[in-house]
Amino acid sequence: MKWLMFPLLLSLAACSGTRALQASKSVPQATLEQTVQVGSSTREQVRAALGESTSIRFDSGDEVWMYTYPAAGAGGEYLILFGPDGVVKKVRRGAVYQLPK
Amino acid sequence: MRIPFILLFVALLPCAPALAQTDAVQQVKVGATRDPVDKSYRKMMQGVDRFERDHALAPQASLRFRLLPRQPGVDMQGVKLRIAGDTVSVPLPLSEDNSFAPVRNAQALREDAVLIANRKATTMSWRAQVITPGLPPGTRRLGDLRLECRAGMDSGLISNDPAIISWLSSMLYSTDKVCSEPDGNYLFFTDRPLLGVTLVHGERRLALPFKMLYAGGEQTPASLPYCDCQVLLDRTYYAPLWDKNWPDDTLLEFDYMDEVAP
């Protein structure tokens, strides 16, 4: 049965269907803080000011976008939560755990 | 030769077009169930044995198993679960969160019994649940998660895939690999949608990166039905189970989408 395992695994890998993440965009933290206003900034405004970055959309209509920014030691991530109405609901920023390469 | 042909068929399944994730879904509620969710009782007890063997990771915690929605629209109210063998039938009462405490039953082991739920196969997923009492609200303990992964993997309850896929998964992914290596990718779930997770140990605080949230952010509408995070994607995270720099007493602090920032 070994002869079948290789094509089988290849097939599984080829069809797994997950996507490569859109690369995150690095933006100075000060720019992020100035651009993104909770309760008023919209997706379109943020996209126009900062450009595309890593994002994910959920069934609820919520969307999370992630930008990186240079930070001492570990890198920093800036997460923006948009509600279903496309307006920023919440942000979160900080240095992040580094995954092994 | 039947098995290889089935394998090839199964291998092609992920290529099939999937329904759009955002389609409106009617609730599925099934009284008497054909093709019900069922799991091996012996396998579940292997998870209990693993929990007892590695209890030092979470010495104050007890083990439960929890049923989670796997498909959109599944009704998680009124789920009934029992151990069923040739002659034995033992109801397992579920608590409000659809978790239950495992029970040892020698006859059920002898009869190679199964756990049967009154829901169709593939509508629910299962997880071991290891929780140290008295933790601050909105937190989990890393040692609990480490033990949860080991007991969950050994119990073979991770998702309700067809047996042939479970068999294939078990060939590819051992408990030690999944629970001890950075690419193990054992999924954990919170009860509410997440915006972030912070590791906290003493004075050290560090957020988990986006890559450790939402099943890595890599699912598409086509791949999502093959992930047991299908309806829980916004509650999904990975924990650094492998990283000894973060001891068992490390807390994971959750920042929920619906919480107002301080």
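A residue is called buried when its relative accessible area is under 20%, exposed when that area is over 50%, and partly exposed in between, using a 1.4 Å probe and protein chains only. By this rule B:Cys149, at 0% relative accessibility, counts as buried. The structure is a predicted model, in which local features need pLDDT of at least 70 and side-chain atom pairs count only at pLDDT 80 or more, while totals for chains, interfaces and linings use all residues. Residues are numbered from 1 along each chain as its sequence is written, chains are lettered from A and ligands numbered from 1 in the order in which they are written, and side-chain values use heavy atoms, with hydrogens and water left out.

We begin with chain A. Its secondary structure comes to three helices and five strands, where helices (H or I, at least four residues) and strands (E, at least two) are DSSP runs numbered from the N terminus. Along the sequence the pattern is α-β-α-α-β-β-β-β. Chain A has 101 residues, and 44% of them count as buried. The chain exposes about 5300 Å², of which carbon and sulfur atoms supply 57%; accessible areas come from the Shrake-Rupley method with a 1.4 Å probe, and for residues only the protein chains shown count as cover. A contact means heavy atoms within 4.5 Å. Among contacts in chain A between residues at least 6 apart in sequence, 43% join residues at least 24 apart.

Two strands of chain A show how pairing works. Strands of a sheet pair through backbone hydrogen bonds, either parallel or antiparallel. Here two strands are said to pair if DSSP finds at least two bridges between them. Strand 4 and strand 5 (residues 88-95) of chain A pair in the antiparallel sense over seven bridges, and A:Ile80 stands opposite A:Val91 in strand 5. These two strands form a hairpin with five residues between them, and A:Gly86 in the turn has a positive phi of about 85°.

Chain B holds an open sheet of three strands in the order 5-2-7, with antiparallel pairing. Strand 5 (99-100) and strand 7 (124-131) of chain B stand at the edges with a single partner strand each, so one side of each is left without a neighbour in the sheet. Strand 2 (residues 62-69) pairs with strand 5 over two bridges, and B:Phe65 has B:Phe100 as its bridge partner in strand 5. Helix 2 (residues 41-53) of chain B packs on this sheet and touches strands 2, 5 and 7 of chain B. The direction of helix 2 makes about 140° with that of strand 2 of chain B; axes are lines fitted to C-alpha atoms, for helices over the stretch in contact, and angles run from 0 to 180 degrees between N-to-C directions. Helix 4 of chain B also packs on the sheet, touching strand 2 and strand 7. Strand 2 and strand 7 of chain B pair over eight bridges, and one of these pairs B:Ser62 with B:Ile131 in strand 7. Seven of the eight residues of strand 7 are buried.

How many disulfides does the whole structure hold? The search finds two over all chains, a disulfide being a pair of cysteine sulfur atoms within 2.5 Å. One joins B:Cys149 and B:Cys179, with sulfur atoms 2.0 Å apart. B:Cys149 lies in helix 4 of chain B and B:Cys179 in helix 6 of chain B, so the pair ties together parts that are 30 residues apart in sequence. The torsion about this S-S bond is about -85°, so the disulfide is left-handed. B:Cys179 is buried at 5% relative accessibility. The other joins B:Cys227 and B:Cys229, with sulfur atoms 2.1 Å apart; the torsion there is about 125°, so this disulfide is right-handed.

Helix 6 of chain B also holds B:Thr175, which is buried with a relative accessible area of 12%. Leaving out residues up to four places away in sequence, B:Thr175 touches B:Arg50, B:Arg150, B:Met153, B:Asp154 and B:Ser180.

The last topic is the nonpolar core, a set of buried Ala, Val, Leu, Ile, Met, Phe, Trp, Tyr and Cys residues joined through side-chain atoms within 4.5 Å. The largest has 44 residues, of which A:Val64, B:Tyr214, B:Tyr237 and B:Leu252 touch the most other members. Elements that each supply at least two residues of this core include strands 3 (63-69) and 4 (76-82) of chain A and helix 4 (142-155) of chain B. A second, separate core of 30 residues includes B:Val48, B:Phe65, B:Leu81 and B:Met124.
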